[in-house]
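Subject: Structure handover

Hi,

Here is the structure I said I would pass on. Please open it alongside this note.

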Amino acid sequence: MKPIVVIGFLGTQLDSGQGTGRWEKWRPTVALTQREELVVARLELLYTERHLALAERVKADIATVSPETQVNLVPLPIADPWDFGEVYTRLFDWARAYPFDTEREQYWAHITTGTHVAQICLFLLTESRTLPGVLAQTSPPKRQRPGQPGEVALIDLDLSRYDAIAQRFAAEQRDAVAFLKRGIATRNARFNALIDEIERVAVRSRAPILLAGPTGAGKSHLARRMFELKKSRHQIVGDFVEVNCATLRGDGAASTLFGHRKGAFTGAAAERAGLLRTAHEGVLFLDEIGELGLDEQAMLLKAIEEKRFYPMGADREVESDFQLIAGTNRDLRGEVAAGRFREDLFARINLWTYALPGLAERPEDIEPNVDHLLALHAQENRSAVRFNAEARAAYLRFAQNPGEAPWSGNFRDLAASVTRLATLAEGGRITEPLVQAEIARLRWLWKHADGGAGGSADGDIDLAALLGAEAEAALDLFDRLQLQGVLRVCRGARSLSDAGRRLFQASRLQRSVVNDADRLRKYLGRFGLSWEQVRG
């Protein structure tokens with residue numbers, strides 16, 4: 001049997017006692033070393049410095065009843081033993097530095113003594129294997145007699161009978177992830193992995209979060225769901241405050257965000273609190289943060305770091321403790337390089353950055369989102385609408401083809417499309433003629449909005465200008481049509497990798513090594529084209 005090492009807090013009440021009378025009471029820490037059937041080889045006795053005298057008395061008493069037990073007194077600089085953050089941090093730091101040797105020793109975390117906060121922290125560290133051992137819970141004898149050690153129960157969280165505890169945590173996390181996704185069973189592996197991480201960050205961190213992605217990708221919706229998740233966990237008590245920074249201009253921008261004093265500028269007839277103060281103890285979502293002016297960026301940086309700032313026209317600071325979630329459809333790295341966005345602010349909000357993929361990058365998620373939108377329509381209008389089989393197949397065939405459906409407006413385009421279909425459906429049935437009319441409408445909308453990027457006319461791509469008249473004339477019709485489709489996708493994509501993901505969205509799932517960019521580069525190379533030439 002490996003030597004037993006016990007780690008536990010000094011019980012400032014249960015372990016206390018003076019004079020000979022102390023031997024007539026049950027003292028948990030001393031009792032652990034009084035058991036005839038086991039020997040505690042070493043005791044790491046954690047205590048706060050103001051209880052040093054009691055710790056030394058307990059050490060001396062253990063030397064009397066169990067001289068083979070080595071007692072190490074471990075002072076922890078804890079100012080408030082009921083402050084969870086402080087206790088956990090001190091205990092975690094100590095455990096990470098401790099030279100555990102599980103090959104030669106077994107470890108017990110004694111959870112009977114110490115404050116409830118200390119006991120919870122010991123449980124969490126043992127459950128996470130930061131303390132690699134079992135929990136030891138002691139209890140007094142049923143009939144108190146001097147020298148009786150009472151009972152000890154060992155709880156090994158690795159054993160299967162404790163799986164239910166871990167499963168409850170896992171089920172809670174699954175529910176949170178489904179909540180963030182609106183309950184839609186998304187099939188895109190990249191998006192699922194992204195939401196899994198966002199869930200963990202949302203419930204564990206108050207640091208700024210940056211959501212990047214094209215307009216309509218769902219940044220605003222996801223930010224609100226993150227707020228609602230934190231609210232349900234009682235992590236915040238304030239409100240969700242949202243503003244699109246593209247709507248803020250001039251003095252109005254600073255006034256809207258930071259507030260102003262009466263008379264701060266012409267037209268400031270009354271004092272204004274500002275959105276940062278409105279978001280106190282809540283979440284502030286700044287969509288399109290790249291549109292903020294440099295002065296407002298500097299003021300925002302101070303507000304994030306110091307939780308205080310000056311309203312316009314004020315000579316005294318105000319405070320607001322909010323969590324920032326920012327959204328952008330720009331590449332802020334490029335904005336920093338161009339001098340349009342502050343490098344220090346970008347560094348501050350770039351701790352957790354998530355790029356939300358556009359709808360065209362998630363073709364496998366179009367079908368469940370269509371079903372979700374139809375369910376919402378039925379709920380709002382109290383009448384169910386369904387596709388017939390042929391109509392559903394025709395709509396999905398078009399919607400999931402990146403060459404035909406760029407979904408430039410992302411989920412806004414999809415929601416509008418499903419709303420039109422559901423509204424025009426006769427008898428609650430969406431038919432194939434209705435779908436074909438909607439497809440024509442979408443092509444027209446995208447062609448006019450994107451300069452033909454979503455159309456299918458041969459004139460959209462000037463192959464002769466790209467390849468030369470002789471090479472263009474030598475193309476078979478098959479190669480001509482395929483190349484035009486590929487080039488349309490390339491011109492609507494943000495990068496070579498983005499275009500590759502769209503073009504190889506089905507076959508990439510069957511490959512052990514995925515390199516969409518290289519496959520696309522080789523395809524273009526067959527025609528003597530490079531990515532730079534295609535993008536113009």
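Predicted model: local features only at pLDDT ≥ 70, side-chain atom pairs only at ≥ 80, totals over all residues.

**A helix pair**

Start with helix H20 (residues 496-503) and helix H21 (residues 516-525). They pack at an angle of about 90°, and their axes are 8 Å apart. Angles of 65 to 115 degrees count as roughly perpendicular, so H20 is roughly perpendicular to H21. On the H20 side, the contact is made by Leu496, Ser497, Ala499, Gly500, Arg501 and Leu503. On the H21 side, the partners are Asp516, Ala517, Leu520 and Arg521. By class, this contact has five nonpolar, two polar and three charged residues.

**Cavities**

How many cavities of 30 Å³ or more are there? The count is two. I looked at the second largest cavity, which holds about 40 Å³ of space. Its lining is made of Ile7, Tyr107, Trp108, Ala109, Thr126, Leu131, Pro132, Gly133 and Val134. Strand E4 (residues 106-110) gives the most to that lining, with three residues. Sorted by class, the lining has seven nonpolar residues, two polar ones and no charged ones.

**A histidine to look at**

His377 sits in helix H13 (residues 366-381). Is His377 buried or exposed? Its relative accessibility is 14%, so His377 counts as buried; the cut-off for buried is under 20%. Set aside the neighbours within four places in sequence, and His377 is in contact with Arg382, Ser383, Val385, Ala422 and Thr423.

**Two residues with positive phi**

Glu281 is not a glycine, yet it has a positive phi of about 60°. Find Glu281 in the loop between helix H9 (275-278) and strand E9 (283-287). Its relative accessible area is 38%, so Glu281 is partly exposed.

Asn410 is not a glycine either, and its phi is positive at about 55°. Where does Asn410 lie? The place is the loop between helix H14 (389-399) and helix H15 (411-424). Asn410 has a relative accessible area of 3%, so this residue is buried.

Happy to talk it through once you have had a look.

Best wishes

Key: Residues numbered from 1 in each chain as written. Heavy atoms only, no water. Axes fitted to C-alpha atoms, helices over the stretch in contact; angles between N-to-C directions. Helix = DSSP H or I, 4+ residues; strand = E, 2+ residues; numbered from the N terminus. Parallel < 35°, antiparallel > 145°, perpendicular 65-115°, else oblique. Contact = heavy atoms within 4.5 Å. Nonpolar A, V, L, I, M, F, W, Y, C, P; charged D, E, K, R; others polar. 1 Å grid on protein atoms, 1.4 Å probe; cavity = no way out; pocket = protein on both sides within 12 Å on 5 of 7 lines; lining within 4 Å. Points joined across faces, edges and corners; volume = space filled by probe spheres on them. Buried < 20%, exposed > 50% of the residue type's maximum accessible area, 1.4 Å probe, protein only.
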